[in-house]
Amino acid sequence: MKFTQCVAIAVLFAAATPLSNAQTPAAPQHPIPSIQDTETTAQKDARMAWWRVARFGMFIHWGLYSVPAGTWDGKQIPSLGEWIMNNASIPVADYKVLAAQFNPTGFSAHDIVALAKSAGMKYIVITAKHHDGFAMFDSKANPFNIVAATPFHRDPLRELADEAHKQGIKLGFYYSQDQDWTAPGASAILRQNHDPVTHHWDKAQDGDFDTYLHTKAIPQIKELLTNYGDFPAVLWFDTPTANMTPARAAEIVALVNQHPNLIWNNRLGGGYKGDTETPEQTIPAQGFPGEDWESCMTINDTWGFKSYDTNFKSTETLLRNLIDIASKGGNYLLNIGPDSHGVVPVSEVERLQAMGKWLAVNGEAIYGTQPTLFGAEAGAFSATEKDRRGNPLWVPAWSWRSTTSANKIYIEIFNWPTGAFHLDKLPRKVTGAYLLADSTHTPLKLTQTGGILDVQLPAKPLDPIATVLVLETTK
Ligand code: JFZ
């Protein structure tokens, strides 16, 4: 699609959307306005509604890199499994040989969607193409893909889309729009020094970026946006470099503008903010007040499967992370890395199912809730110590968190107090209290004087990881 046609569509799009001046933020100078530049707050609220209620999603990093699984030429390659081609400077031709060895007959879209459902996850985002340039879908635009280049000849994105429909979960696609280590001209950054300037380690990677953009990236993004029914619900871009100029990013925006319900993140580049902040492997001290944000995290230390990475976080850590993130108004995109057979590591399955058990009882305190009305419970900035960026060091506290709904305040207690749970500076009148995991919701004895509240608790918590105390409130 020629740039001129994009402009035409943008103008059309802009013309189509009723602008109510009062509510529309000033549009940064984008070559092509994105939906964020033109939609009203009410329109954004409607578009983001399901995502804001969801709170918990599954990230899936799966691709050719699951074949070497962290080892190359008999050597364990440090850092992320999905970066093995870059970290081991594997020549393009040698890496492409892996496709013939990739036949994940253990892959079951039904089981993976069922796992996400059983974990209490409301959406899935899978790597359609990661930095290595291998497409995990049936791409007519480029033959280096799972249908044309492997003995598997099946499209896992098609199968996931069908299952996601059947089982009622949203499906999104991750697409590495800028980095592509097997496409001539595309970007490649050296991970360890984070400088977004291209470093090619193989002549076969040299070429023209616009050629890559127009012959691979844009045609494939078009395929992903049009070949999977009303999916994707989310498009997850990543690692933009200086190559993703505003003009080049605008060409991609012209495509996503044709899918007005699509939610896309802040990693397109070219000055486009997208819809969601995406802190990685961290939970921001106080979230991103007023912003939609999503913390993405690995269960062990790699996104893509590594056969010897067994440093799996505990279910307690993962659940308390989810609760911490929800209490700060964010979403948790928790990753799984299937192996080269398409099978999810059992340690990841067990932890996700355990999280699902807790959410089956306590989900009311997470899904569709608002952030805490308190805040100090999450921790404080140190008056003396600095973090590695020289900012005051955040010292988290892990006794309890809180989430909110119209007429309830939820207290997720991690560290069970003896006797009573005490709160002061309570912003609402409490009319009743009970434990969410107590199916009888037996009323708990409470005393409230002004903003000070004490709730008599049983001797033992109902759940060692987090027991939810529900405070019924009136404004
Ligand atoms: C990127 C990818 O490189 C990685 O392979 C994985 O897909 C992850 C979800 O995203 O990694 C990043 C990207 C950006 C930052 C850090 C890691 N960053 O901005 O700090």
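In strand 18, Glu472 is the bridge partner of Gly432; strands, like helices, are DSSP runs numbered from the N terminus (E, at least two residues, for strands; H or I, at least four residues, for helices). The model is a predicted one, in which local features need pLDDT of at least 70 and side-chain atom pairs count only at pLDDT 80 or more, while totals for chains, interfaces and linings use all residues. Residues are numbered from 1 along each chain as its sequence is written, and side-chain values use heavy atoms, with hydrogens and water left out.

Strand 15 (residues 429-435) runs antiparallel to strand 18 and is joined to it by 6 bridges, where two strands are said to pair if DSSP finds at least two bridges between them. Strand 13 (residues 408-413) also pairs with strand 18 in the antiparallel sense, over 6 bridges, and there Tyr410 stands opposite Val470. Because 6 of its 8 residues are buried, strand 18 (residues 467-474) is largely enclosed by the rest of the structure; buried means under 20% relative accessible area, exposed over 50%, and partly exposed in between (1.4 Å probe, protein chains only).

Strand 14 (residues 420-423) has a covered face formed by Phe421 and Leu423, and an uncovered one formed by Ala420 and His422. It is joined by 4 bridges to strand 17 (residues 452-456), and the two run antiparallel, with Leu453 of strand 17 as the bridge partner of Leu423.

Turning to the ligand, 13 residues lie around it, and His61, Glu82, His130, His131 and Asp238 come nearest; a residue counts as near if one of its heavy atoms lies within 4 Å.

| Residue | Distance to a ligand oxygen atom |
|---|---|
| Asp238 | 2.8 Å |
| Arg267 | 3.4 Å |
| Glu280 | 3.1 Å |

Taken alone, the ligand exposes 450 Å², of which the protein buries 76%, with accessible areas from the Shrake-Rupley method with a 1.4 Å probe.

Is Gln36 buried or exposed? Its relative accessible area is 13%, so Gln36 is buried. The side chain of Gln36 makes a polar contact of 2.7 Å with that of Ser34 and another, of 2.8 Å, with the side chain of Asp275; a polar contact is a pair of N or O atoms within 3.5 Å, and within protein one must be able to donate a hydrogen and the other to accept it, while residues adjacent in sequence count only if both atoms are side-chain atoms.
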